[in-house]
Every structure is written in structure tokens, then in C-alpha cells.
Amino acid sequence: MATNVINKGTPIAPPPGPAEAPAVSFLSSKSTTAAVNLEAKAPFSAIQALFDHLHTHPDDVAKLNATYPHRGVIKTAALHKTESDQKFTIDLSPMRNSRIPEVLRESLDPNGLAEVLDFFNALSAQYVPTILSSLSILAGTDLAAAHTSYNMNYRLCDYNPNTAAPDSSNGCGAHTDYGTFSIIFQDGTPGLELEETPGMWVPVPGDATVVLTGWCAVILSGGRVSAAKHRVRRAPGVRRLSAVLFVAPDLDVKLKPLGDSQPVRPFSETIMRGDLDVETFKDVMGKRWRYREGNEEMDNVDSLSQDNEIENMVWG
């Protein structure tokens, strides 16, 4: 069904000029997920150029990862891990971008980085306030109060056939995002899927721009917003590119339902007391998703999935 979303991100303030609310089509009856018609278009030729440059210039990869030594910027575990997600990623944010030295920018900017950053900066300024306002209406509470610092991350994904498991269909394992919402741009190649009911996966058109919600939206809305479990399936021999903007509450926000309204379903005592802030919640989830992506080892690995652990924490 089609409707109109009514109007509403790092200490760096975005320039003025939020866009008007985009037209949307809801993709799922079980989660707050929609295809949106945005004027902004991801620069996939620049994204491919940046990946291709980094794939062939290991010195620039080393320099880029040295700007964020804690976990790196470009992730290539799929080159040697067959059980991990079979993709390469570039993870950026306003903070990480500011750490890239000028001499490295001179190498990367002509190979797509400048155009990519311009795209994400414009997207953040034009659409994040609008979408946040729309979600506030669905949530029945003002979500903007928990989003004052523009806590955003940018991710580029290269589902490249040249990985350790070239015949694997696992591009990105099933999961729910941690934050408030994500905007996913696709290059026209199918592969993104939504879980409509347990075990039933519905493909998303490869040319759709998708807004999907995460765990923070579920909690802050008192359960009125539903999170979207999703995955990416690869087709052997087919390269697929995507660009994702992740929006989350401020890191010091206590994760509990906002406002005075009663939650629509019971949360755990941990959530209702506000024992967890966003930063702690992200750290808990991050261990699972970095393990799934092959970028971090876990002690005492158990059978719980990323979502199983969080469901136990959120719902009790």
C-alpha cells in the first residue's frame, strides 16, 4: 500500500534544508519497513571506483585502517573466512572521516571518496530529520529528543564474487539492526530479503531504496515500531553494491520507552529501568555482528544468534 510519510544525527551539525516527506510503500506487514522515493541517488560508479582502487592498492588500505586502528575502516575478512558474511565493507562516519589525512584524501578523493562523502552529507541533512519526524508519529512520541548529536554511520558494501567462498549464497547473515533506522540504497541487483514470518523470506526489488527500523526504535517507541529482520543473498558470479546510512540515538541515551504512554507489550525490567544506555547496547550487539562478519573472534561462542541474545535482553 502506498501513503505519504509526514515530516522529522557527532557533534557536526548538518547544513539546513530538510527535504519534504517522501512517498513510501510499505514492504512488510510485520515490521516498519518501507520503500521510499528519494531524490537522492547513491553514486554507485564512485562506490565501485573506491572499492576497485582499494582492492588494488593495499598501501592505501593500510593507511586508511590506521586512521581507526581500533577496528579499521575497510573490512576484508571474506577473503579468507568461508563461514563469515561474503562481502567487503567500508565503514565511515563524521568522526572517522575527519581522521583521514590530507595526503590520503588526495589519493582517495579522485577514486570516489569525495563523491561518496558528499552524498552521505547531503543525505544526512536532507532526509534524516524528515524520516525521524515520520517515525515519531508512528511511535507516538518525539524521537528527536533522543537524537540531538547526529549519531550516524555510513557503510559501503561490496558483495564481490571474489571471496573465500565464491559459491556461497550468504552475502549478509540474518539480523536486525541495532539503531533507530537505516536507509539502504541498492545498485539494482536483487539480494536483500525481509523475514515476513519466521523462516519466510520475501525479496526486495533490487532498485528499491529501503528504510528499515532497528532495536532502538522498538524500545524507544514502547513497541509501537517493529524492527525488520533482513539478510542479503548472493548469486554466484554476480557483484552487488549497496550504500547504507545508519541513524541511532545519542550514545548516552537510556534505552527505555519514551514519554508517558504504556508500552504495547511487556519489556524486561532491565529495559524499563533504563539500565542500558545506547553505547552499552551497541557494544553488546556489536560483538555478535562483528563475529558474523568475520571481523572479531568471540570467547565462549554459543548457539545464540545476534537477535536471540537481544530478544532475551529486551523482552526478558
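Here is a short tour of a predicted model, stop by stop, for following along in your viewer.

Residues are numbered from 1 along each chain as its sequence is written, and side-chain values use heavy atoms, with hydrogens and water left out. Because this is a predicted model, local features need pLDDT of at least 70 and side-chain atom pairs count only at pLDDT 80 or more, while totals for chains, interfaces and linings use all residues.

**Stop one: the cysteines.** Select Cys 172 and Cys 157. The closest cysteine sulfur to that of Cys 172 is the one in Cys 157, and at 7.1 Å it is too far for a bond. A disulfide is a pair of cysteine sulfur atoms within 2.5 Å, and the count here is zero. Cys 172 is buried, with a relative accessible area of 5%; for Cys 216, also buried, the value is 0%. (Buried means under 20% relative accessible area, exposed over 50%, partly exposed in between, using a 1.4 Å probe and protein chains only.)

**Stop two: aromatic rings.** Select Phe 119, Phe 120, Tyr 154 and Phe 185, which form one aromatic cluster. The structure holds five aromatic pairs. One of them joins Phe 119 and Phe 120, tilted, with 5.1 Å centre to centre and 55 degrees between the planes. Rings of Phe, Tyr and Trp (its six-membered ring) pair if their centres lie within 6.5 Å; planes under 30 degrees apart are stacked, over 60 edge-to-face, and the rest tilted. Phe 119 and Phe 120 are both buried.

**Stop three: charges over rings.** Show Arg 96 with Tyr 68: the charged end of the arginine sits over the tyrosine ring, 3.9 Å from its centre. Then jump to Arg 265, whose charged end sits over the ring of Trp 315, 3.5 Å from the centre. (The rule: NZ of Lys or CZ of Arg within 6 Å of the ring centre and within 35 degrees of the ring normal.)

**Stop four: salt bridges.** There are ten in the model, each a side-chain nitrogen of Lys or Arg within 4 Å of a carboxyl oxygen of Asp or Glu. Pick Asp 91 and Arg 155, which meet in one at 2.6 Å, N to O.
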